[in-house]
Amino acid sequence: MRTRARKVGKEYVLNGEKMWITSGTIADVAVIWAKVEDEGDKVRGFLVETDRPGFKADDIHGKWSLRASVTSGLSLQDVRIPESNLLPGSGGLKSPLMCLNQARYGIAWGAVGAAMACYDCALQYALLRKQWRDQPIASHQLVQEKLTWMINEITKAQLLVLQVGRLKDAGKVQPQHISMAKRNNVWMALECARLSRDILGANGVADDYPIMRHLMNLESVKTYEGTHDIHTLIIGASVTGIEAF
Ligand SMILES: Cc1cc2nc3c(=O)[nH]c(=O)nc-3n(C[C@H](O)[C@H](O)[C@H](O)COP(=O)(O)OP(=O)(O)OC[C@H]3O[C@@H](n4cnc5c(N)ncnc54)[C@H](O)[C@@H]3O)c2cc1C
């Protein structure tokens with residue numbers, strides 16, 4: 001994190017850049033995490049009204065993924081904000097990580113939804129599409145194996161994130177539990193999207209069906225809110241006690 005905040009009188013002055021920020025050009029307020037110079041580079045959160053002098057946001061164009069959402073680059077050059085815009089409870093990397101934990105948990109459920117949409121589409125298609133000897137492709141063992149894999153993994157993913165939710169409700173959830181759910185469920189959903197695309201044959205690449213949209217969107221979901229590999233390392237650090245970042 002290179003964005004920095006400097007205390008000047010009763011104000012903070014922010015400098016830095018953020019890339020790949022969802023809704024950056026349409027937001028009225030940005031939540032900016034920055035290292036505070038006078039506090040030993042402690043990470044703190046700031047509310048920044050986007051019409052303040054020195055704040056600039058530009059959209060990132062050409063995404064093949066999550067095309068319905070605006071993604072932007074932010075630039076902050078000597079943006080002055082009152083000290084009251086500091087998030088008072090924030091202090092250290094644990095604060096943004098706490099936000100990420102909430103979002104990652106939600107993503108673990110969302111991925112199940114995307115996988116179910118792909119599975120449902122593939123199942124209906126396989127029952128209707130007739131090929132060799134006028135048999136529905138659902139009657140073939142290899143197609144059934146794909147459908148079985150999907151319903152099996154979807155069910156396991158649901159149970160995993162349900163258990164994480166129970167731990168959360170009981171106040172016992174740990175970051176590695178959330179990493180396991182995000183990592184597994186997004187991977188599982190991507191595999192379901194690929195298998196479903198395959199079952200639809202050429203039609204699988206057409207926008208008449210939702211599968212390619214889910215497939216392309218899930219590629220972003222694999223990367224944001226902690227990449228698949230970083231979640232692997234979080235779990236690895238938890239089980240070995242050794243950080244491999
Ligand atoms: C559509 C979209 C919307 C987004 N919205 C937001 C947003 O609103 N706010 C926000 O803050 N961010 C947002 N992001 C950014 C997202 O959080 C980052 O892209 C993500 O954290 C990965 O960072 P990076 O792109 O710099 O990849 P990198 O960090 O460069 O990673 C590239 C590859 O290297 C691997 N890698 C990196 N470091 C290590 C390591 N130490 N050990 C092993 N492997 C490593 C990664 O796992 C990955 O495979 C968004 C991204 C997308 C695609």
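A crossing of two helices is called left-handed if the near helix is turned anticlockwise from the far one by less than a right angle. In this predicted model, helix 3 passes helix 4 in such a left-handed crossing, and the crossing of helix 1 and helix 4 is left-handed as well.

**Helix 3 against helix 4**

- The axes of helix 3 (residues 175–199) and helix 4 (residues 211–223) come within 9 Å and cross at roughly 155°, and since angles over 145 degrees count as roughly antiparallel, helix 3 is roughly antiparallel to helix 4.
- On the side of helix 3 the contact is made by Lys182, Val186, Ala189, Leu190, Ala193, Arg194, Ser196 and Arg197, while helix 4 brings Ile211, Met212, Leu215, Leu218, Glu219, Val221 and Lys222.
- Sorted by class, the residues of the contact of helix 3 with helix 4 comprise nine nonpolar, one polar and five charged.

**Helix 1 against helix 4**

- Helix 1 and helix 4 pack with their axes 10 Å apart and at an angle of about 155°, which makes helix 1 roughly antiparallel to helix 4.
- Helix 1 takes part in the contact through Ile107, Ala114, Ala117, Cys118 and Cys121, and helix 4 through Ile211, His214, Leu218 and Val221.
- This contact of helix 1 with helix 4 has eight nonpolar residues and one polar residue, but no charged residues.

**Ala114 and Leu218**

- Ala114 lies in helix 1 (residues 94–128) and has a relative accessible area of 9%, so that Ala114 is buried.
- When neighbours within four places in sequence are left aside, Ala114 is in contact with His214 and Leu218.
- Ala114 and Leu190 are 76 residues apart in sequence, yet their C-alpha atoms are 8.8 Å apart in space.
- Leu218, not counting residues up to four places away in sequence, touches Ala114, Val186, Ala189, Leu190 and Ala193.

**Nonpolar cores**

- In soluble globular proteins, nonpolar side chains tend to be buried together.
- The largest nonpolar core has 31 residues, of which Ala126, Leu147, Met150, Ile154, Met188, Ile199 and Leu218 touch the most other members.
- At least two residues of this core come from each of helix 1, helix 2 (141–169), helix 3 and helix 4, and helix 1 gives the most, with 11 residues.

Methods:
Residues are numbered from 1 along each chain as its sequence is written. This is a predicted model: local features need pLDDT of at least 70, side-chain atom pairs count only at pLDDT 80 or more; totals for chains, interfaces and linings use all residues. Side-chain values use heavy atoms; hydrogens and water are left out. Axes are lines fitted to C-alpha atoms, for helices over the stretch in contact, and angles run from 0 to 180 degrees between N-to-C directions. Helices (H or I, at least four residues) and strands (E, at least two) are DSSP runs, numbered from the N terminus. Angles under 35 degrees count as roughly parallel, over 145 as roughly antiparallel, 65 to 115 as roughly perpendicular and the rest as oblique. Contact means heavy atoms within 4.5 Å. Ala, Val, Leu, Ile, Met, Phe, Trp, Tyr, Cys and Pro count as nonpolar, Asp, Glu, Lys and Arg as charged, and the others, Gly among them, as polar. Buried means under 20% relative accessible area, exposed over 50%, partly exposed in between (1.4 Å probe, protein chains only). A nonpolar core is a set of buried Ala, Val, Leu, Ile, Met, Phe, Trp, Tyr and Cys residues joined through side-chain atoms within 4.5 Å.
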